[in-house]
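Good morning, and thank you for joining this group meeting. Please keep the sequence and the three-dimensional view before you while I speak.

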Amino acid sequence: TFNHTEFHTKGLFYLLLDSILRNSGSISSTHKTVLDRACELLHESNDLSIRDIARKCCVSESGLRKLFNDNLNISPAKYRLNIKLNKAKALLESTDMSVKEIANELNFYDVAYFCKIFRDNIKMTPRQYSQSKKL
């Protein structure tokens with residue numbers, strides 16, 4: 001026999017389930033939007049702190065770190081450092097800028113710190129890298 005109440009209840013259940021599934025997808029797309037915006041800001045500016053970037057993305061600093069770690073397996077600070085190192089490599093390959101000029105251009109604290117960070121991550125000094133790319 002047809003039970004109107006049961007039919008109505010099942011209909012509401014399926015509407016609720018559909019709503020939950022749609023919203024769970026939008027949560028991950030929201031995270032993707034925040035992550036995309038944060039990456040964009042990290043590429044655009046060395047002047048913004050990670051805290052400033054989190055604020056501009058309307059998330060907490062710890063929330064931003066979690067998003068980066070969960071989705072990119074890297075912290076926002078390490079992501080920024082990788083951007084700087086890639087820019088440094090490009091400048092070393094394509095210009096005659098000195099190591100000091102590159103360190104200044106990329107807002108490193110000083111040349112020695114830049115050289116140490118470069119060597120620790122690239123496994124050669126900036127000068128060695130430049131020479132190896134210009135052979």
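I begin just after helix α6, where K123 takes a positive phi of about 70°. Helices here are DSSP runs of H or I with at least four residues, strands are runs of E with at least two, and both are numbered from the N terminus. The model is predicted, with local features needing pLDDT of at least 70 and side-chain atom pairs counting only at pLDDT 80 or more, while totals for chains, interfaces and linings use all residues. Residues are numbered from 1 along each chain as its sequence is written, and side-chain values use heavy atoms, with hydrogens and water left out.

Let us stay with α6. At its start, a side-chain oxygen of D110 comes within 3.3 Å of the backbone nitrogen of A112. Helix α6 covers residues 111-122, and its 12 residues should span 16 Å at 1.5 Å a residue, which agrees with the 16 Å between its end C-alpha atoms. The expected span is 1.5 Å times one less than the number of residues.

Which residues of α6 are buried? They are F114, I117 and F118. Seen down the axis of α6, these buried residues fall within an arc of 100°, so they line one face of the helix. The arc is that of the directions from the helix axis to the C-beta atoms. Buried means under 20% relative accessible area, exposed means over 50%, and partly exposed lies in between, with a 1.4 Å probe and protein chains only. An α-helix has 3.6 residues a turn, so residues three or four places apart point the same way. The buried residues of α6 pack against α4, α5 (99-105) and α7 (126-133), where contact means heavy atoms within 4.5 Å.

I turn to helix α3, residues 61-72. Its 12 residues reach 16 Å from first C-alpha to last, close to the 16 Å expected. The buried residues of α3 are L64, L67 and F68. Down the axis of α3 they fall within an arc of 95°, so they line one face of the helix. After α3 comes N73, whose phi is positive, near 55°.

Next, consider S94, which lies in helix α4 (residues 76-94). Is S94 buried or exposed? S94 counts as exposed because its relative accessibility is 58%. A polar atom of its side chain lies 2.6 Å from the backbone oxygen of A90.

Buried residues make up 27% of its 135 residues.

Key: A polar contact is a pair of N or O atoms within 3.5 Å; within protein, one must be able to donate a hydrogen and the other to accept it, and residues adjacent in sequence count only if both atoms are side-chain atoms.
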